[in-house]
Amino acid sequence: MNKAQRKHYDQIAKLGCILCRHLGYSDSPAEIHHVRKFGGKRDLAPVIPLCPEHHRGNTGVHGLGKKGFATRYSLDEQDLVELTERALSESPSALLVDNKF
Ligand SMILES: [Zn+2]
Ligand SMILES: [Zn+2]
């Protein structure tokens with residue numbers, strides 16, 4: 001992982017759990033989840049911020065599996081990627097990082 005990528009991940013994690021945000025919960029500290037397409041490279045995979053429960057817990061993307069997750073929350077990983085991108089573009093600190101590129 002290079003520096004720019006790590007910084008990008010930091011920015012995303014700082015957004016807080018994107019699912020909690022969507023559900024109207026207060027900001028939760030988040031971990032990075034890689035949205036991996038079949039055969040896709042991890043380094044190129046989009047990433048989304050998820051709290052430990054929504055990431056690895058029983059109600060999370062790994063615990064429920066892709067299908068169970070989509071059924072439970074009426075959205076899938078791709079929707080979360082879009083929500084993350086929107087949240088990122090609304091975050092003033094993310095704009096600062098963008099300007100450096
Ligand atoms: Zn959450
Ligand atoms: Zn994950």
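The legends below describe close-up views of a predicted model.

Local features are given where pLDDT is at least 70 and side-chain atom pairs only at pLDDT 80 or more, while totals for chains, interfaces and linings use all residues. Residues are numbered from 1 along each chain as its sequence is written, and chains are lettered from A and ligands numbered from 1 in the order in which they are written.

**Figure 1. Overview of the chain and its confidence.**
The chain holds six helices and two strands, taken as DSSP runs (helices: H or I, at least four residues; strands: E, at least two) numbered from the N terminus. Their order from the N terminus is α-α-β-β-α-α-α-α. Mean pLDDT (the predictor's confidence in each residue, from 0 to 100) is 87 for the chain, and 84% of the residues score at least 70. Confidence is highest in helix H3 (residues 52–56), at a mean of 97, and lowest in helix H6 (residues 92–100), at 52. Where pLDDT is low, the predicted coordinates should not be read in detail. Of the 101 residues, 19% count as buried; a residue is buried if 20 or more other C-beta atoms lie within 10 Å of its own, exposed if 12 or fewer, and partly exposed in between, with C-beta atoms placed from the backbone.

**Figure 2. Helix H1 and the residue that follows.**
The expected span of a helix is 1.5 Å times one less than its number of residues. H1 is hardly covered, with one buried residue among its 12. Just after H1, Gly16 adopts a positive phi of about 85°.

Helix H4 (residues 61–73) spans only 10 Å between its end C-alpha atoms, whereas a straight helix of 13 residues would span 18 Å. H4 bends by about 85° at Lys67, the bend being the angle between axes fitted to the seven residues ending there and the seven starting there. Ser74 lies in the loop between H4 and helix H5 (77–90). Its phi is near 60°, a positive value in a residue other than glycine. Ser74 counts as exposed because it has 7 C-beta neighbours inside 10 Å.

**Figure 3. The largest nonpolar core.**
A nonpolar core is a set of buried Ala, Val, Leu, Ile, Met, Phe, Trp, Tyr and Cys residues joined through C-beta atoms within 7 Å. The largest has 13 residues, of which Leu15, Cys17, Ile18, Leu19, Ala30 and Leu50 touch the most other members. Helix H2 (18–23), strand E2 (47–50), H4 and H5 each give two or more residues to this core. Contacts require C-beta atoms, placed from the backbone, within 7 Å. Beyond four places in sequence, Ile18 touches Ile48, Pro49, Leu50, Leu80, Leu83, Thr84 and Ala87.

**Figure 4. Ile48 in strand E2.**
Ile48 lies in strand E2 and is buried, with 30 other C-beta atoms within 10 Å. Leaving aside neighbours within four places in sequence, Ile48 contacts Ile18, His33, Val35, Leu80, Val81 and Thr84. Ile48 and Leu15 are 33 residues apart along the chain, with their C-alpha atoms separated by 9.4 Å.

**Figure 5. Ser28 in the loop between H2 and strand E1 (31–34).**
Ser28 counts as partly exposed, with 17 C-beta neighbours inside 10 Å. Not counting residues up to four places away in sequence, Ser28 touches Gly16, Cys17, Cys20 and Cys51. From C-alpha to C-alpha, Ser28 and Leu15 are 8.7 Å apart.

Terms used. Two residues are in contact if their C-beta atoms, placed from the backbone, lie within 7 Å.
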